[in-house]
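Work through these exercises with the sequence and the model at hand. Each task is followed by a solution in steps.

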Amino acid sequence: MNEMVKLIEQFELKELFNQSRLKGVRFFKSSSHIPRSPLLYDPGIFIVAQGRKIGHLGERSFQYDPNNYLVTSVPIPFECETFADADAPFLGLYVDIDMPVLHELMGLLGQSRVAASVRIRDIPKGVAPAEMDAAMHDAVIRLLKCLHSEADALVLGPGLIREIIYRALCGTQASSLYALAAQDGSFARISKTLHLIHRQCSRKLDVDQLAGVAGMSASTFHRAFKEITSESPIQYLKKVRLNKARDLIEREHMKVYIAADKVGYESSSQFSRDFKRFFGVSPAEMMRGR
């Protein structure tokens, strides 16, 4: 058993997500195989200690496992399958990307490093795995150790999160983080519209409105949006609405028609059809715990 697994198992985690002592750091555990299903990740770094996941985004598939951590540089919905069993549960650690820290580190590294990592014409993917190198592994081990002590987490934790974000900036998916932190460029502009969609998904939003927020023509915006997210803007908006509605129904036990209205659906019947097509069960079946 590797050291990362031993340290995580000492936390006696419940299934799925668990909040750590430190804001922005969560654990994930699954004792059984989770079939391919939709999920929504916020910008963050997902580190796997044991087991593996396969993500599916558009026509692209990618694996993250103990040798490859996942970098999600924009909020993005995709489908994921988790491989685990009771004898060897899936164990992982999710670290949110703190934007002020990212900007600070990018400033310290300097423009020459940015230029070397991101070519002007490149548009990085919004989610992709990066190789787990020795420096990142060491930083994660020290973070896990500090999380066992409330005092250590309070004093040392923020610095270790900063180091993990720095290690990601030095890793094989650095270009997406540099592009995210840049003040201009297609990636940063699309990122701005993605955050708008998440904050205001209940509004009537169309491609022309979103392109205006990004400061792009509709055709340029559509092309750049799909390059980063592997989805059209309207497909992305629908997936965000459905994921948010699922959370309202599952976690807050909200009635179906209220959840539909909350996420911007005018028709409850259309919402139910889209929901079942996306999740494989109807909202009513999900409410009954099927």
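**Exercise 1. Aromatic pairs**

Task: State how many aromatic pairs the structure holds, then classify the pair of Phe11 and Phe27.

Solution: 
- The model is a predicted one. It holds 18 aromatic pairs.
- Planes under 30 degrees apart would count as stacked, and over 60 as edge-to-face.
- Now place the two rings. Phe11 is in the loop between α1 (3–9) and β1 (16–19), while Phe27 is in strand β2 (residues 25–30). The pair links distant parts of the chain, 16 residues apart.
- Is Phe27 buried or exposed? Its relative accessibility is 1%, so Phe27 counts as buried.

**Exercise 2. A second pair and its cluster**

Task: Classify the pair of Phe46 and Tyr64, and find the cluster that holds both residues.

Solution: 
- The centres of Phe46 and Tyr64 lie 5.7 Å apart, with 70° between the planes. Over 60 degrees counts as edge-to-face, so this pair is edge-to-face.
- Phe46 belongs to strand β4 (residues 44–50) and Tyr64 to strand β6 (residues 60–64), so the pair ties together parts 18 residues apart in sequence.
- Both Phe46 and Tyr64 are buried.
- One aromatic cluster takes in Phe17, Phe28, Tyr41, Phe46, Phe62, Tyr64, Phe78, Phe90 and Tyr94.

**Exercise 3. Charges over rings**

Task: Which rings lie under Arg26 and Arg52?

Solution: 
- Arg26 lies over the face of Phe17, 5.4 Å from the ring centre. Phe17 is also one of the cluster residues.
- Arg52 places its charged end over the ring of Phe83, at 3.9 Å from the centre.

**Exercise 4. Two packed helices**

Task: Describe how α2 packs against α6.

Solution: 
- Helix α2 spans residues 99–109 and helix α6 spans residues 174–181. Their axes are 10 Å apart, at an angle of about 100°.
- That angle makes α2 roughly perpendicular to α6.
- From α2, the contact uses Met99, Leu102, His103, Met106 and Leu109. From α6, Leu177, Tyr178, Leu180 and Ala181 meet them.
- Sort the contact by class: eight nonpolar residues, one polar and no charged.

**Exercise 5. A histidine in a helix**

Task: Locate His198 and list what it touches.

Solution: 
- His198 is in helix α7 (residues 186–199).
- With 14% relative accessibility, His198 counts as buried.
- Leaving out residues up to four places away in sequence, His198 touches Leu40, Pro75, Tyr236, Val240 and Lys244.

Methods:
Residues numbered from 1 in each chain as written. Predicted model: local features only at pLDDT ≥ 70, side-chain atom pairs only at ≥ 80, totals over all residues. Heavy atoms only, no water. Axes fitted to C-alpha atoms, helices over the stretch in contact; angles between N-to-C directions. Helix = DSSP H or I, 4+ residues; strand = E, 2+ residues; numbered from the N terminus. Parallel < 35°, antiparallel > 145°, perpendicular 65-115°, else oblique. Contact = heavy atoms within 4.5 Å. Nonpolar A, V, L, I, M, F, W, Y, C, P; charged D, E, K, R; others polar. Phe/Tyr/Trp six-rings, centres within 6.5 Å; stacked < 30°, edge-to-face > 60°. Buried < 20%, exposed > 50% of the residue type's maximum accessible area, 1.4 Å probe, protein only. Lys NZ or Arg CZ within 6 Å of the ring centre and 35° of its normal.
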